[in-house]
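This report is meant to be read with the coordinates open, and it goes through a few local arrangements in turn.

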Amino acid sequence: MSYIRLAPRSLRLACTGRSNCRRAAQKLGSSLKRNVSTKSDSPRIIFSGIQPTGIPHLGNYFGALANWVRLQDAAAPEDKLFFSIVGWHALTLPQDPKMLSEARTTMVALILASGINPRRSVVFHQDEASNHTELAWILSCLTPVGKLRRMTTWKARCFAWTRLAVSRNANNESEVDDSLLNAGLFTYPILQAADILAYRQNHPRATHVPVGEDQQQHLELTRDLAEIFNHTYPSPTPLFQTPELMLTPSKRILSLRDPTAKMSKSAVDPRSRILLTDSYETIVKRVRSAVTDSVSGITFDPVKRPGTSNLLTILSACTGKVPAVLADRYSASNHGALKKDVVEAVEEALRKPRTEFVRLREDKAFLAQVARDGAEKAREHSDRTMKEIRKRVGLS
């Protein structure tokens, strides 16, 4: 879905460039619609989710929240947008109950502060819409285990090991192994599929899903499960249309300390990331300490100059200009000049949502009302899907 994994698992499509997006879409099958979001596509249902696992960093903001706002602003009046805070997904890794409870409310405030209008988009907690887990169980009874074993997120479980190591006060990932992993990490792609498919019924078009590049395989699984359900419970009118991939632009922002890895909230070194709530002074420190290289001049070469290219990518995300074009502007400059401009661009991009977040987080009653209203709308819509599903599988 952006699933957006701000934690890493959100359903968001983060393609880096139109040509790459086309190639990604082709991998999903010849039947996949390959067009960028436009008002002529409506009516549509757009669904995306984000985990309540702390304050979003720069990559989360530009890759997910800012994209949600663009989708909202570009949506036609008939389009329906659902943005979910996926608490059940967060439970696949160790969480402190008190902190998770606070993070749920914080995430509502962050979504609204980023520009999502609750009168236009449905903002809700996944765990307040039980249809998601009911459908996930039904789909799990149709999902071949082999498909889950082939998921790249299961094969590459480094992220989970890192979180487990931190939660158990281990010195490093070598002190944890697969015996400590839970079944939820293995099966959560099914819940992601349910998150999407629950909003399909009684709508003339398939659910549109903006997903991240690392979540592409999960959308393929969702499409497979939709087809398996239709085949298992045949009808003159198939229940599910396969979800459509949305080609939304996204910048892959890397760690400021290790530009070979994605920016991450779980990284040990706090200097590796910039959070949405960081002050100007903190942004200055983070950018100044960003790893670059000793090569003179500024060029955009993600392979040979990952640190420098990462700064250009951040500047691009803030300004909307192409990184290679920005590099030409700094061709005769040094890293100091580039970092100075990156600081100012990041501050300009984050100032408004940061200020709005500070205001909103104090209004707990308003945030709770937004979540309640959103959950009611989400249940109302997904109830229609589940009513038909229960009928087809023989549970009503």
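Predicted model: local features only at pLDDT ≥ 70, side-chain atom pairs only at ≥ 80, totals over all residues.

**Helix packing**

Helix 4, which covers residues 97–113, and helix 15, which covers residues 364–393, have axes that come within 10 Å and cross at roughly 85°. Because angles of 65 to 115 degrees count as roughly perpendicular, helix 4 is described as roughly perpendicular to helix 15. On the side of helix 4 the contact is made by T105, V108, A109 and L112, and these residues meet K364, F366, L367 and V370 of helix 15. Sorted by class, the contact of helix 4 with helix 15 consists of six nonpolar residues, one polar residue and one charged residue.

Helix 4 also holds R104, which counts as buried because its relative accessibility is 18%, and the cut-off for buried is under 20%. When residues up to four places away in sequence are not counted, R104 touches P52, I85, H125, D127 and E128.

**Salt bridges**

The structure holds 14 salt bridges, and three of them are set out below with the distance between the nitrogen and oxygen atoms.

| Pair | N to O distance |
|---|---|
| R257 and D269 | 3.7 Å |
| R351 and E347 | 3.8 Å |
| R354 and E347 | 2.6 Å |

The side chains of R257 and D269 meet in a salt bridge, and both residues lie in the loop between strand 7 (248–249) and helix 11 (280–288), twelve residues apart. R257 counts as partly exposed because its relative accessibility is 29%, and D269 is likewise partly exposed, with a relative accessible area of 25%.

The other two pairs in the table share E347, which forms a salt bridge with R351 and another with R354. R351 and E347 are four residues apart in helix 14 (residues 335–360), so they are separated by about one helical turn. In the pair of R354 with E347, by contrast, both residues are buried. These residues belong to a network of salt bridges that links E347, E348, R351 and R354.

With a relative accessibility of 30%, S279 counts as partly exposed. How many residues separate S279 and L350 in sequence, and how far apart are they in space? S279 and L350 are 71 residues apart in sequence, while the distance between them in space is 9.3 Å from C-alpha to C-alpha.

Technical notes:
Residues numbered from 1 in each chain as written. Heavy atoms only, no water. Axes fitted to C-alpha atoms, helices over the stretch in contact; angles between N-to-C directions. Helix = DSSP H or I, 4+ residues; strand = E, 2+ residues; numbered from the N terminus. Parallel < 35°, antiparallel > 145°, perpendicular 65-115°, else oblique. Contact = heavy atoms within 4.5 Å. Nonpolar A, V, L, I, M, F, W, Y, C, P; charged D, E, K, R; others polar. Salt bridge = Lys/Arg side-chain N within 4 Å of Asp/Glu carboxyl O. Buried < 20%, exposed > 50% of the residue type's maximum accessible area, 1.4 Å probe, protein only.
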